[in-house]
Amino acid sequence: MIQPANPNRAFLENLFVTLSQEGWGPGFIDALHDDVIFNAMGSSPIAGRYEGKEIYISRVLKKLHDRLAQRPELSPAIIMTDGDMACARFQSRGGIGINGAGFSMEYCWVFRLKNQKICEIWGYYDTAKMINLFKDDLLQHQA
């Protein structure tokens, strides 16, 4: 039996192609609903619940960009979808913090989608790598 096209899967596949080419730039921001909720799981300096696109940009993305000397490249994702819910497993490689911390890691994000927009994300990532990115004295400890 031929499976019908899954618009949410196609949306995420296209998004992750864009992410692998341009990173967390305009293509990612455009994919977010204005009222997006981002749940950064774990206990890192960015862990928490962020409600609204502008809040997410200022309190998560900007914080991360300010700490990165070299932004990581994202790999294409393994994507699973079920109705308006989806899950993507992906990797970042080559990221380096301004403090010298390595920022290559694996992620698993769970999405709630509506009308080809991301309404909510639960982001799971390497908490230790995120903590190290925000340590100002990491270079002193590595010497």
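1. In the hairpin of E8 and E9, two residues lie between the strands, and asparagine 115 takes a positive phi near 50 degrees. Strands here are DSSP runs of E with at least two residues, and helices are runs of H or I with at least four, numbered from the N terminus. The model is predicted: local features need pLDDT of at least 70, side-chain atom pairs count only at pLDDT 80 or more, and totals for chains, interfaces and linings use all residues. Residues are numbered from 1 along each chain as its sequence is written, and side-chain values use heavy atoms, without hydrogens and water.

2. E8 and E9 run antiparallel and are joined by seven bridges; two strands pair if DSSP finds at least two bridges between them. Leucine 113 has isoleucine 118 in E9 as its bridge partner.

3. E9 (residues 117-124) also pairs with E1, in the parallel sense, over five bridges. Here phenylalanine 38 is the bridge partner of isoleucine 121 in E9.

4. Serine 44 lies in the loop between strand E1 (32-40) and strand E2 (48-51). Serine 44 counts as buried because its relative accessibility is 7%, buried meaning under 20% relative accessible area with a 1.4 Å probe, protein chains only.

5. What does serine 44 touch, not counting residues up to four places away in sequence? The residues are Tyr125, Thr127, Met130 and Ile131, where contact means heavy atoms within 4.5 Å. The side chain of serine 44 also makes a polar contact, at 2.8 Å, with the side chain of tyrosine 125. A polar contact is a pair of N or O atoms within 3.5 Å; within protein, one must be able to donate a hydrogen and the other to accept it, and residues adjacent in sequence count only if both atoms are side-chain atoms.

Note on methods: Buried means under 20% relative accessible area, exposed over 50%, partly exposed in between (1.4 Å probe, protein chains only).
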